[in-house]
Amino acid sequence: MIVNTANNMIEAPVGDSNGTERNILEKNIPGDAREGGPHARGGRQPRRDKRDVHGWVMLDKPVGMTSTHAVAVVKRLFQAKRAGHAGTLDPLASGGLPVALGEATKTVPFVMDGRKRYRFTVAWGEERDTDDTEGRVVKASELRPSTEAIRALLPRFTGLIEQTPPQYSAIKVQGERAYDLARDGETVELPPRPVEIHHLSLVEQPDSSHSIFETECGKGTYVRALARDIGRILGCFGHICALRRTLVGPFGEADMIPLEQLEALCDRAASGEGSLAEALLPVETALDDIPALAVTRADAARLYRGQAVLLRGRDAPNSSGTVYVTVAGRLLALAEIGNGELIPKRVFNLTGLTASPARNK
């Protein structure tokens, strides 16, 4: 995982980043994603004032749109000062792209560390240099695998395995992105590394040349590499031709909002018929796996100033490690418990637009 704290933008190798952020694929998105950029009707829109917006949007990213463009569009719709995302999706892929706005960017690493779930289709008979349909064919075979042969192989790709990332990946090699080197014609030798596949199953075989799988995996896993390696062992070769992400950490399909719906909500909010807060999930949604600790207002004041708080009395927690701190039911800080003290690590300032009360339940 690469975290650039300077701009809160996150680039992750999980599942599907091949670095092919192609503008020509960014169709079906009206206008320009940049604030004040030129639009189809010509001219330059007046620059709108940015505002403080805090929370998560689980965007159902459409096929043909880069993750960078998707974040820019969400940021523009909310007029937000800060935005980032928790795990790149290729233009080829659709599904869950968690977009962090404002103070939610401080919780991005917790989402990045969570499990991801994908539904993907493998086309048999060709291996491509990008391991998906965007690349050129490098190997081909007339063989097609049987359902029995595929299912018999899947246990080898379940659990803790060694996986060689695709050549077209965002991994750095001597300071350069692997996909940049590959596009320049260089052969990139990436060492295998351990990844964890919690679940992998064959769910459908629509025809002899295509198989549909579902997988749940840990961070650092490339679904494209799974398709490549399974195809090689079966002797028929294969590549990804469809990919959809359905889970990222605490965010599932029920949390997703399509771009068209988000734009419609923005239009209603502009006319006073609703609020964009309806599309926001609370900042603390990303912290579901972390214990919560409520403090008094007096202790909250100390933590807000960056000062440690002594933990004593019958209600003092016995545990140690990271907790998220609340005061009067409101998120205050990420802190560490140790040696009888509560030490603030990240303090949140949630002044501005936040999730609606209904989304906090």
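The model is predicted, with local features needing pLDDT of at least 70, side-chain atom pairs counting only at pLDDT 80 or more, and totals for chains, interfaces and linings using all residues. Residues are numbered from 1 along each chain as its sequence is written, and side-chain values use heavy atoms, with hydrogens and water left out.

Let us begin with the rings. Searching the whole structure turns up three aromatic pairs; rings of Phe, Tyr and Trp (its six-membered ring) pair if their centres lie within 6.5 Å, and planes under 30 degrees apart count as stacked, over 60 as edge-to-face and the rest as tilted. One of them joins Trp56 to Phe251 in a tilted arrangement, 5.1 Å centre to centre with 45° between the planes. This pair links distant parts of the chain, as Trp56 sits in strand β3 (residues 55-61) and Phe251 in strand β15 (residues 251-252), 195 residues apart. Helices (H or I, at least four residues) and strands (E, at least two) are DSSP runs here, numbered from the N terminus. Trp56 is buried, at a relative accessible area of 0%, and Phe251 is buried at 0% as well. Buried means under 20% relative accessible area, exposed over 50% and partly exposed in between (1.4 Å probe, protein chains only).

Now turn to Trp124 and Phe213, which form an edge-to-face pair, 6.4 Å centre to centre and with 80° between the planes. Here too distant parts of the chain are linked: Trp124 belongs to strand β6 (residues 116-124) and Phe213 to strand β13 (residues 210-217), 89 residues apart. Trp124 is buried at 5% relative accessibility, and Phe213 at 1%. Together with Phe120, Trp124 and Phe213 make up one aromatic cluster.

Our last stop is helix α6. Which residues of α6 are buried? They are Leu259, Leu262, Glu263, Leu265 and Cys266. An α-helix has 3.6 residues a turn, so residues three or four places apart point the same way. The buried residues of α6 pack against β3, α1 (67-78) and β16 (257-258), where contact means heavy atoms within 4.5 Å. On the other side of α6, Glu260 and Asp267 are exposed.
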